[in-house]
Amino acid sequence: MLELAGVGKVYSSINGEKIEAVDNLSLVIVENELVCLVGRSGCGKTTTLRLIAGLETPTRGRILLSGKKVEGPSAERCVVFQRYTLFPWRSVLANVAFGLEMQGVSRAEREKTALDYLALVGLEDQARAYPVELSGGMQQRVAVARALATDPQVLLMDEPFGALDAQTRAVLQQELMRIWRVDRKTIVFVTHDIQEAVLLADRVVVMQGPPGHIREIIDCDLPRPRDRNSAAFMDMSDRIHLLLEGAE
Ligand SMILES: Nc1ncnc2c1ncn2[C@@H]1O[C@H](COP(=O)(O)OP(=O)(O)OP(=O)(O)O)[C@@H](O)[C@H]1O
Ligand SMILES: [Mg+2]
């Protein structure tokens, strides 16, 4: 269980100004749940993710994972960013094996595990390639494989498909759903895209701000696989859309 209790974050800008990025965020995410955070630019989504990742420290409140306070980055909470996060000097295989290497796993074992995860994202044939030789969609697949390879408890995804064209994006959304079925994780997924949220989430957290806070949490209980053209899907998307418009 991942628990945010009264979490607030105030940044100090370079010229000494205080910026209240999120305020009083309280949210409980259960194991293996997929929660999407949606909201306008600047409402504190990335900040929330970075706080859970331990890349930022809350100014107020606390974050607990399995009852343990989050006090810094850890392999149990892994982040996938929007783009360009692979190590360009490492092969695809060595990128995916990176976390295992840090954990001191032997070369043979980490390469075997990395290959398994590359197969999971459909890129086993690209193992020896370098990131620059891959398309954006393939690079994001490698980033997902790299994040999964160390078997984190929580996967944090910040608009991971945001830089991709619509078609590639749809393919990766389907892939994420398939991977999530076989390799269950708690996922916190940030997106601007309401349809993406309704396609993926168990619950959609609609944020408003700044300072970022929760406007509403929508239970997204549509049967999977979800059909974007179904009336229920469109109703739910409309509802979130209206909430976001009201949040202006
Ligand atoms: N390192 C920082 N220092 C100062 N202010 C920051 C910092 N990071 C974010 N902020 C501010 O905090 C607020 C929330 O930013 P955040 O990046 O969390 O929003 P977001 O919802 O992810 O936006 P977007 O959808 O554009 O990615 C904004 O006002 C932003 O300017
Ligand atoms: Mg952001």
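**Exercise 1. Find which element gives the largest share of the shell around ligand 1, then describe that shell.**

Solution. Helix α1 gives the largest share, 3 residues. Elements here are DSSP runs numbered from the N terminus: helices are H or I with at least four residues, strands are E with at least two. Before going on, note that this is a predicted model, in which local features need pLDDT of at least 70, side-chain atom pairs count only at pLDDT 80 or more, and totals for chains, interfaces and linings use all residues. Residues are numbered from 1 along each chain as its sequence is written, while chains are lettered from A and ligands numbered from 1 in the order in which they are written.

Next, take the residues themselves. There are 14 around ligand 1, and Tyr-11, Ala-21, Ser-41, Thr-46 and Thr-47 come nearest; a residue is near if its C-beta atom, placed from the backbone, lies within 6 Å of the molecule. Two or more residues come from each of β2 (18-29) and α1 (45-53).

Finally, sort the shell by type: 5 nonpolar, 8 polar and 1 charged. Ala, Val, Leu, Ile, Met, Phe, Trp, Tyr, Cys and Pro count as nonpolar, Asp, Glu, Lys and Arg as charged, and the others, Gly among them, as polar.

**Exercise 2. Work out how helices α4 and α5 cross.**

Solution. Start with the axes, lines fitted to C-alpha atoms over the stretch in contact, with angles from 0 to 180 degrees between N-to-C directions. Those of α4 (residues 107-120) and α5 (residues 136-149) come within 9 Å and cross at roughly 135 degrees. That makes α4 oblique to α5, since angles under 35 degrees count as roughly parallel, over 145 as roughly antiparallel, 65 to 115 as roughly perpendicular and the rest as oblique.

Now list the contacts (C-beta atoms, placed from the backbone, within 7 Å). Thr-113, Ala-114, Tyr-117, Leu-118 and Leu-120 in α4 meet Ala-145, Leu-148 and Ala-149 in α5. By type, these contact residues are 7 nonpolar, 1 polar and no charged.

Methods
Two residues are in contact if their C-beta atoms, placed from the backbone, lie within 7 Å.
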